[in-house]
Amino acid sequence: MKELVCIVCPQGCRLRVDDEGNISGNACANGAEYAHTELTSPTRVLTSTVNILGAELPRCPVKTAGAIPKHLLFQAMESLRSVTVFAPIKAGQVIIADIVGTGVDLVATADMDEK
């Protein structure tokens, strides 16, 4: 039996998945879907920063616009090392389109004005 804590909502249901794939402990359908996804193809939203020139701060906060496969997180992080953007940047602006071939864009999460 596998045990998971659902992170879809603040309730934090303790999920149990037996050897036949039956899911219990979820208070809603989202918990069952989360458990299935987590055990078959886990995904995560990546949050990080990239270099920025011409702004007050040296780093620009970014995140993926959606979840990407968990096994690609380190590859995606590695791709951020060489990224430098230039101020001004607007929240929601695409920084990297289709990061590591996932079909998901990496976007800025804050406005970064020129200094």
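Is E56 buried or exposed? E56 is exposed, its relative accessible area being 62%. The notes below take this residue and several others in turn; the model is a predicted one.

1. Negative patch. E56 gathers with D111, D113 and E114 on the surface, where the four make up a patch of negative charge. Within the chain, E56 sits in the loop that runs between strand 5 (47-53) and strand 6 (59-64).

2. Nonpolar core. The largest nonpolar core is made of 21 residues. V50, I52, C60, V85, I89 and I95 are those with the most contacts inside it. Two or more residues each come from strand 5, strand 6, helix 2 (73-80), strand 9 (94-96) and strand 10 (106-108). Helix 2 is the element that gives the most to this core, with 3 residues. As background, nonpolar side chains in soluble globular proteins tend to be buried together.

3. Salt bridge of R44 and E38. The structure has 2 salt bridges. One of them pairs R44 with E38, and the closest N and O atoms lie 2.8 Å apart. R44 is partly exposed at 23% relative accessible area. E38, with 16%, counts as buried, because the cut-off for that class is under 20%.

4. Salt bridge of R81 and E78. Here the side chains meet with an N to O distance of 3.1 Å. R81 is exposed, with a relative accessible area of 63%.

5. Cis peptide bond. The bond between A87 and P88 is cis, with omega at about 5 degrees. P88 belongs to the loop between strand 8 (84-86) and strand 9.

6. Positive phi values. D98 is not a glycine, yet its phi is positive, near 50 degrees. D98 is located in the loop between strand 9 and strand 10 and is partly exposed, at 38% relative accessible area. V100 also lies in the loop between strand 9 and strand 10. The phi of V100 is about 40 degrees, again positive in a residue that is not a glycine. With a relative accessibility of 25%, V100 counts as partly exposed.

Technical notes:
Residues are numbered from 1 along each chain as its sequence is written. This is a predicted model: local features need pLDDT of at least 70, side-chain atom pairs count only at pLDDT 80 or more; totals for chains, interfaces and linings use all residues. Side-chain values use heavy atoms; hydrogens and water are left out. Patches are made of residues with over 30% relative accessible area and no salt bridge: like charges are joined within 9 Å, nonpolar side chains (Val, Leu, Ile, Met, Phe, Trp, Tyr) within 5 Å. Accessible areas come from the Shrake-Rupley method with a 1.4 Å probe; for residues, only the protein chains shown count as cover. Lys and Arg count as positive and Asp and Glu as negative; His and the chain ends are not counted. The place of a charge is taken as NZ of Lys, CZ of Arg, CG of Asp or CD of Glu. Helices (H or I, at least four residues) and strands (E, at least two) are DSSP runs, numbered from the N terminus. Buried means under 20% relative accessible area, exposed over 50%, partly exposed in between (1.4 Å probe, protein chains only). A nonpolar core is a set of buried Ala, Val, Leu, Ile, Met, Phe, Trp, Tyr and Cys residues joined through side-chain atoms within 4.5 Å.
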